[in-house]
Amino acid sequence: MTSGRSVLLLAHTGRPAAVRSAQLVHESLSRAGLTVRMLKNEIEELAAEDCVLSPVEVVEPGEAARGVELVMVLGGDGTLLRAAEIARPAGAPLLGVNLGHVGFLAEAEREDLGATVRSVVNRDYDVEERMTLDVAVFNGGRGDGSPPVRNWALNDATLEKGEARRILETVLEIDGRPLSRWACDGVVCATPTGSTAHAFSAGGPVVWPDVDALMVVPLSAHALFARPLVVGPNATVALEVVPATAPGVLWCDGRRMVELPAGARIEITRADTPVRLARLHRAPFTDRLVAKFGLSVAGWRGRSEHGR
């Protein structure tokens, strides 16, 4: 008999490490009486690698996370962002096991897989909510009154130039007022979660996850005023592709793309629906930064060494 508990298992099936890890997770969860769900295509891809998992509940993406206790993700940050698309509508928490490089969104490393599964079985984890973005695209180039195209992002929404040899001309607006015009390669609008991703690479600030704010970071902007900006969580950030200039493209989390003709407008606000992340460790975010980025803290003594 099963316990009535179920876990959705998602894996980067192109990685040999993910194949072996999926076997271990499936075996351990099944032995503990939990039902393991998997996407049909991932089951088939694992079977092609001589990894046949049974028993398993086969599900389609649209309903995969409904009613599950947890979504366990084996892969890197890209795999976890893919999993967020499935888990967010159902409100299911994500638990990432890093099989990639930095794996900033992941909670555990591959070598800790056994302990991670035990924590899942024992429900020994906390859940925190991470801000997401609502993104509305008004395709001003058509002028036909079409409704906006709507999307969302956990890490960032990025406006980029649509032609490699052309510069992007865009005007930034905050809360209904124009702020600056940039000739640039693009603009990243990021959440605190995404401040360590694309925005970080572009010179943006690292923002602690418990800070409610949005980041706006220009990419290679030719302008006197082209500094990263931090605005309030209730702000509306808008970017307009200047009419009669080169087109652009919008990427949400680097996964979902919308083409933008000259004259198009993007409005970005805080979303009502967060992404929920399962946390095994209660360590401060500072420790995560040091571990993930390999930061040197040599010479630090701390309060106890100063008699405090």
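This is a predicted model: local features need pLDDT of at least 70, side-chain atom pairs count only at pLDDT 80 or more; totals for chains, interfaces and linings use all residues.
Visitor: Where does Asp253 lie?

Guide: Asp253 lies in the loop that runs between strand S17, residues 248–252, and strand S18, residues 256–260.

Visitor: And is Asp253 buried or exposed?

Guide: Its relative accessible area is 8%, which is under 20%, so Asp253 counts as buried.

Visitor: What does the side chain of Asp253 reach?

Guide: The side chain of Asp253 reaches the backbone nitrogen of Leu154 at 2.8 Å. Leaving aside neighbours within four places in sequence, Asp253 is also in contact with other residues, including Leu81, Trp152 and Asn155.

Visitor: Switching to helices, how do H1 and H4 pack?

Guide: Helix H1, residues 16–31, and helix H4, residues 113–121, pack at an angle of about 35°, and their axes are 10 Å apart. In passing H4, H1 makes a right-handed crossing.

Visitor: Which residues meet there?

Guide: From H1 come Ser21, Leu24, Val25, Ser28 and Leu29, and these meet Leu113, Val117, Val120 and Val121 of H4. Sorted by class, that contact has seven nonpolar residues, two polar ones and no charged ones.

Visitor: What about the largest nonpolar core, how many residues has it?

Guide: The largest nonpolar core has 29 residues, and Leu250 is among those with the most contacts inside it, as are Val135 and Ile266. Leaving aside neighbours within four places in sequence, Leu250 is in contact with residues that include Val135, Val137, Leu159 and Ile266.

Visitor: What does the second core include?

Guide: That second, separate core has 28 residues, among them Met72, Leu95, Leu99 and Tyr125.

Terms used: Residues are numbered from 1 along each chain as its sequence is written. Side-chain values use heavy atoms; hydrogens and water are left out. Helices (H or I, at least four residues) and strands (E, at least two) are DSSP runs, numbered from the N terminus. Buried means under 20% relative accessible area, exposed over 50%, partly exposed in between (1.4 Å probe, protein chains only). A polar contact is a pair of N or O atoms within 3.5 Å; within protein, one must be able to donate a hydrogen and the other to accept it, and residues adjacent in sequence count only if both atoms are side-chain atoms. Contact means heavy atoms within 4.5 Å. Axes are lines fitted to C-alpha atoms, for helices over the stretch in contact, and angles run from 0 to 180 degrees between N-to-C directions. A crossing is left-handed if the near helix is turned anticlockwise from the far one by less than a right angle, and right-handed if clockwise. Ala, Val, Leu, Ile, Met, Phe, Trp, Tyr, Cys and Pro count as nonpolar, Asp, Glu, Lys and Arg as charged, and the others, Gly among them, as polar. A nonpolar core is a set of buried Ala, Val, Leu, Ile, Met, Phe, Trp, Tyr and Cys residues joined through side-chain atoms within 4.5 Å.
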